[in-house]
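Take a look at the chain below.

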Amino acid sequence: MIKFIRNSSIAAGILTFLRVYLGYQWLTGGWGKITGGGFDATGFIQGAISSAGGDHPAVQGWWATFLETVALPNAGLFSFMVMWGELLVGIALILGIFTNFAALMGITMNFAFLFSGTVSTNAQMVLLTVFILVAGYNAGKFGLDRWVIPFLKNHTPRRGGKKQKKELIVA
């Protein structure tokens, strides 16, 4: 199954639909926050922290501690990162450029939202994103990665690969 997902053109076509769907979800979410005026994650963060108490907490204590000590004091930064992160992940997935990195950033945001006690479509998005991550390069085969990744491989210095033969020039 993994060989099929990573190598098949049929799988690449299916992954393109998944990628564009996920990209659209991220793009519209980010665009709505950016253009809606005044997006502030403070209330969301405070709500997640308050969900860490009681008999059946929706948020685990370790995550609530992170939110209280890191995210809440820097709510402005986190608001900025969420708005622009969602938009940029969406654009990258739709265009199929740096697909794996975009998917990794998207799934990281999905997990942060899930850890904070929200459900919505985050679990579905995690599941679909796993297929994109497992597919590797094939997920962006029908996107800009088809040209960008080979270009970068051919135009960046190699590290730890084959040693280049050095010639000694004697004057």
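Anything in between is partly exposed. Keep in mind that this is a predicted model.

By that cut-off, the buried residues of α6 are T99, A102, A103, G106, I107, M109, N110 and F113. Seen down the helix axis, they fall within an arc of 160°, so they line one face of α6. What does this face pack against? The buried residues of α6 pack against α2 (9-35), α3 (42-50), α5 (75-95), α7 (122-135) and α8 (145-155).

## Checking the length

Helix α6 covers residues 99-115, which is 17 residues. At 1.5 Å a residue, it should span 24 Å. The expected span is 1.5 Å times one less than the number of residues. In the model, the end C-alpha atoms of α6 are 24 Å apart, so the two values agree.

## How α5 meets α6

The axes of α5 and α6 come within 9 Å and cross at roughly 140°. That makes α5 oblique to α6. Angles over 145 degrees would count as roughly antiparallel.

The crossing of α5 and α6 is left-handed. On the α5 side, the contact is made by V82, G85, E86, V89, A92 and L93. On the α6 side, it is made by T99, A102, A103, M105, G106, M109 and F113.

Most residues other than glycine have a negative phi. F98 is partly exposed, with a relative accessible area of 42%.

Beyond the helix, α6 is followed by G117, whose phi is positive, near 95°. S120 lies in the loop between α6 and α7. Its phi is also positive, near 45°, and S120 is a residue other than glycine. Is S120 buried or exposed? S120 is exposed, with a relative accessible area of 66%.

## A residue in α3

One of the helices packed against the buried residues of α6 is α3. Q46 has its place in α3. Q46 is partly exposed, with a relative accessible area of 43%. How far is the C-alpha atom of Q46 from that of A71? The two residues are 25 residues apart along the chain, and their C-alpha atoms are separated by 9.7 Å.

Conventions
Residues numbered from 1 in each chain as written. Predicted model: local features only at pLDDT ≥ 70, side-chain atom pairs only at ≥ 80, totals over all residues. Heavy atoms only, no water. Helix = DSSP H or I, 4+ residues; strand = E, 2+ residues; numbered from the N terminus. Buried < 20%, exposed > 50% of the residue type's maximum accessible area, 1.4 Å probe, protein only. Arc of directions from axis to C-beta. Contact = heavy atoms within 4.5 Å. Axes fitted to C-alpha atoms, helices over the stretch in contact; angles between N-to-C directions. Parallel < 35°, antiparallel > 145°, perpendicular 65-115°, else oblique. Left-handed = near helix turned anticlockwise from the far one by under 90°.
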